[in-house]
Amino acid sequence: MKIRLVSKTTVDPSYVKYLLEEIGVPEEFKDVIEEPEGLIAYIARVSSSNQANNKYAGLIRYCMSHGHWSILEMANVVFEIETSRAISPQILRHRSFSFQEFSQRYAAVDSSGIEIYAARRQDTKNRQNSIADISPEIAAEWDRRQLENWKSSFEHYTWALDNEIAKECARMVLPLQTKTRMFMNGTLRSWVHYISLRADTATQAEHQEIASAIKAQLCESFPIVAEAAQWITE
Ligand SMILES: Cc1cc2nc3c(=O)[nH]c(=O)nc-3n(C[C@H](O)[C@H](O)[C@H](O)COP(=O)(O)OP(=O)(O)OC[C@H]3O[C@@H](n4cnc5c(N)ncnc54)[C@H](O)[C@@H]3O)c2cc1C
């Protein structure tokens, strides 16, 4: 699993100039409106005549705790995610995001292409849970079997390609562990709700790992939203 921050909303300098020179936002607010979170607060106050307040953390906190989510739709973030075909369908269910995913129809999968996953025991009381207490011997055998399965699947896959079978047909023999790479673009609102669901223990551990890594990155890039979402406490 790997995640990388690809892009995030930044405020265009020409807009900052316009606000300062034409709208008359005081120079002392320049630092605020240059920051995406400051701009979110500026936009949140669009209906208010009182823009003269450079303390925007409280406003963002207030809006989030009162369900005024649309202010978080003013900023976008794109992440690149490397995971497996087992986890990517869970991610793709988050319909408010836009995606691009590596298609196995046009480019061939290479032999290094699986994620090896840990063995966990099924929780018999909670179907959404699994427990990391499998013996080291079974865990080692599970790793070995995953690799053996991959070797065999990949051999069938390359046989199919070598015999001019189309990639879109050949890929049918690949396991769910096959690596995939996707780009996920969403507003901060979508990310806040995605993190609250997917960094939670009810989510499969491999997906939680992705959501937690994204959350850590968002905490750095949007510290006030992160604090209002109670991801970080001062
Ligand atoms: C633990 C778990 C188990 C699941 N099991 C199944 C299953 O068995 N079968 C199955 O088909 N699917 C399952 N799902 C998938 C689930 O039903 C959703 O399809 C998936 O989580 C995508 O969520 P979403 O539709 O809210 O999309 P998103 O894109 O995340 O959200 C859609 C919109 O709703 C908004 N939103 C989301 N939450 C809130 C909120 N709290 N307040 C305000 N706005 C909000 C977002 O900002 C966005 O604008 C499971 C999900 C989880 C987390």
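Modeller: Two residues are in contact if their C-beta atoms, placed from the backbone, lie within 7 Å. The model discussed here is a predicted one.

Biologist: Leaving aside neighbours within four places in sequence, which residues is Leu72 in contact with?

Modeller: Leu72 is among the residues with the most contacts inside the largest nonpolar core, which has 32 residues. Helices H3 (36-44), H4 (57-65), H8, H9 and H10 and strand E2 each supply at least two residues of this core. With neighbours within four places in sequence set aside, the contacts of Leu72 are Ile40, Thr187, Leu188, Arg189, Val192 and Val225.

Biologist: Within what arc do the buried residues of H9 fall, seen down its axis?

Modeller: Helix H9 covers residues 205-221, and Ile210, Ala211, Ile214, Lys215 and Leu218 are buried in it. An α-helix has 3.6 residues a turn, so residues three or four places apart point the same way. The buried residues of H9 line one face of the helix, because they fall within an arc of 135°.

Biologist: Which elements do the buried residues of H9 pack against?

Modeller: Those residues include Ile210 and Leu218. Their packing partners are strand E1 (2-8), strand E2 (76-84), helix H8 (188-198) and helix H10 (223-228).

Biologist: Which residues come nearest to the ligand?

Modeller: The shell around the ligand divides into five nonpolar, six polar and three charged residues. Of the 14 residues around the ligand, the nearest are Arg93, His94, Ser96, His193 and Ala202.

Conventions. Residues numbered from 1 in each chain as written. Predicted model: local features only at pLDDT ≥ 70, side-chain atom pairs only at ≥ 80, totals over all residues. Near = placed C-beta within 6 Å. Nonpolar A, V, L, I, M, F, W, Y, C, P; charged D, E, K, R; others polar. Helix = DSSP H or I, 4+ residues; strand = E, 2+ residues; numbered from the N terminus. Expected span 1.5 Å × (residues − 1). Buried ≥ 20, exposed ≤ 12 C-beta atoms within 10 Å, placed from the backbone. Arc of directions from axis to C-beta. Core = buried A, V, L, I, M, F, W, Y, C linked by C-beta atoms within 7 Å.
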